Structure formats: structure tokens, C-alpha cells
Amino acid sequence: RPLRGTGALFERVSLEAFQSGLSWLIILRKRENFRSAFDHFDVEKVAGYGDADVQRLLADPGIVRNRAKIEATIANARALTSLDVDFSDLLWSFAPQARPRPQDLSHVPAVTPESTAMAKELKRRGFKFVGPTTAYALMQATGMVDDHVVSCWVPAGSPADS
């Protein structure tokens, strides 16, 4: 479903970064722990995290304890606070035109020109752990693209119009 709003999108960017290289199920099972550990993804609070917070997070068995991903989440919050544009508008500016649903999962891309452009722009603005594959997963998770297969029970339609 289409998702907008700085806090909600910051959470998704963060969770997609933590998911990188792991099963999405691991992240889903730990989602409430992530929310608790990262102050419900309050951008201002996370942007203010320091070394003590990194150590606290590295010791938290309820989340994925990866220093690079933890530090990227903090860096991303800081980058977000310095944006000169609305975060929702920035991310959604890369949403592709609606396209037909894929026939099966083998037709679902991992990277698109739009996700590559999004990743490049986010990196330019100081974001970390947001490569083209992570950016495409973010597009899927926020309804920018509809990769439900043709046989899926979820109603079809342009994600932006839902």
C-alpha cells in the first residue's frame, strides 16, 4: 500500500537496510524490537544518538546487531534532518509509472533504473546503506511499485492511486 510521511518512510528505509543480506522474515519478527530500540524511528531522537546509543544497540539481542547498519540508521536520520525537500516527495519522485503485474516472481526485478537513480540521490544527500537493490525493496514496501503477481488476491491498480 502507498505509504507517505517522514517517520513511516524513515522506518522503512531503516528496516530495508537492516534486511540487506538477511531474510525479510527475520526483520519482520524483530520489527517491534527495532521500533522500541530506535525510539519508534523518531528522526530527531535517532539523529541525536551518540556512541552510548550505538553500544546500547549493539548489545540489544532483540534487533540485528550490525554496527554498520546501526551507524547507517543514525547517519540516515541526520541526513534526513538536513533535507531541503519533503522526504515523501523526494522518495516518491522516483516512483515509476504503473505497469502490468508480473506473471510470476521470476519477472520481479531486483533493481530498476528508478531504484538506481533513487539510491544515487539518497547517497548524494548523505544516506548510507541505500543501494539500488535496497531502494527497490523500499519501493515495494511503500507501494511505489506493485509487484504482486497476476494471480495474487490483492486488488490490482496503480499503487499511487490506491
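Colleague: Over which ring does the charged end of Arg-4 sit?

Modeller: A charge sits over a ring if NZ of Lys or CZ of Arg is within 6 Å of the ring centre and within 35 degrees of the ring normal. In this predicted model, the charged end of Arg-4 sits over the ring of Trp-92, 4.4 Å from its centre. Likewise, Arg-56 places its charged end over the ring of Tyr-49, 5.3 Å from the centre.

Colleague: How many aromatic pairs does a search of the whole structure find?

Modeller: Rings of Phe, Tyr and Trp (its six-membered ring) pair if their centres lie within 6.5 Å; planes under 30 degrees apart count as stacked, over 60 as edge-to-face and the rest as tilted. The search finds 7 such pairs. Phe-18 and Phe-34 have ring centres 4.7 Å apart and planes at 55 degrees, so this pair is tilted. The pair of Phe-38 and Phe-41 is stacked, with 5.6 Å from centre to centre and 10 degrees between the planes.

Colleague: Which residues do ring pairs link into a cluster?

Modeller: The cluster comprises Phe-10, Phe-18, Phe-34, Phe-38, Phe-41 and Tyr-49. Phe-18 and Phe-34 are both buried (under 20% relative accessible area, with a 1.4 Å probe and protein chains only). Phe-38 and Phe-41 are buried too.

Colleague: What conventions apply?

Modeller: Residues are numbered from 1 along each chain as its sequence is written, and side-chain values use heavy atoms, leaving out hydrogens and water. Local features need pLDDT of at least 70, side-chain atom pairs count only at pLDDT 80 or more, and totals for chains, interfaces and linings use all residues.

Note on methods. Buried means under 20% relative accessible area, exposed over 50%, partly exposed in between (1.4 Å probe, protein chains only).
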